[in-house]
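Here's a quick tour of the model shown below.

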Amino acid sequence: MAKQKLKELVINRDWCKGCKICIHFCPENVLELDDKDKAIPVRPEDCICCRLCEYRCPDLAIEIFTE
Ligand code: SF4
Ligand code: SF4
């Protein structure tokens, strides 16, 4: 299977409650909390599109779009 490339990593800021689950599960340290305690992709270029953040977010706040 061809390697997937990230097109967009969308985080719904209204739904994110800053629990950090996505940050802990991301194997590539792509995500961090900003100063409002919302998850943001700080290193999107490192994303391997494993979708762990999308699957594990209890509030369904993350969507991964691939090319
Ligand atoms: S897992 Fe979801 S709710 Fe928790 S910090 Fe990440 S995006 Fe926000
Ligand atoms: S898809 Fe995987 S590598 Fe990309 S941000 Fe989510 S957990 Fe990290």
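## Starting at Arg43

Arg43 sits in the loop that runs between strand 3 (39-41) and helix 2 (52-56). Helices and strands here are DSSP runs numbered from the N terminus (H or I of at least four residues for helices, E of at least two for strands). This is a predicted model, so local features need pLDDT of at least 70 and side-chain atom pairs count only at pLDDT 80 or more, while totals for chains, interfaces and linings use all residues. Residues are numbered from 1 along each chain as its sequence is written, and chains are lettered from A and ligands numbered from 1 in the order in which they are written.

Arg43 counts as exposed because it has 12 C-beta neighbours inside 10 Å. The scale is simple: 20 or more other C-beta atoms within 10 Å of a residue's own is buried, 12 or fewer is exposed, and in between is partly exposed, with C-beta atoms placed from the backbone. Setting aside residues up to four places away in sequence, Arg43 touches Asn29 and Val30 (contact puts the backbone-placed C-beta atoms within 7 Å). From Arg43 to Asn29 is 14 residues in sequence and 7.3 Å in space, C-alpha to C-alpha.

## Around the ligands

Val30 turns up again at ligand 2, where it is among the closest of 15 surrounding residues, along with Cys26, Cys47, Cys50 and Cys53. Being near means a backbone-placed C-beta atom within 6 Å of the molecule. That shell has 13 nonpolar, no polar and two charged residues. For these classes, Ala, Val, Leu, Ile, Met, Phe, Trp, Tyr, Cys and Pro are nonpolar, Asp, Glu, Lys and Arg are charged, and the others, Gly among them, are polar.

Ligand 1 has 13 residues around it, with Cys16, Cys19, Ile21, Cys22 and Cys57 coming nearest. Its shell divides into nine nonpolar, one polar and three charged.

## Core and overall fold

Cysteines also feature in the largest nonpolar core, a set of twelve residues including Cys16, Cys22, Cys26, Val30 and Ile62. Such a core joins buried Ala, Val, Leu, Ile, Met, Phe, Trp, Tyr and Cys residues through C-beta atoms within 7 Å. Beyond four places in sequence, Ile62 contacts Ile11, Cys22, Cys53, Glu54 and Cys57.

By contrast, His24 in helix 1 (residues 21-25) is exposed, because it has 11 C-beta neighbours inside 10 Å. Overall, the elements run β-α-β-β-α-β from the N terminus, and buried residues make up 19% of the 67 in the protein.

Methods
Contact = placed C-beta atoms within 7 Å.
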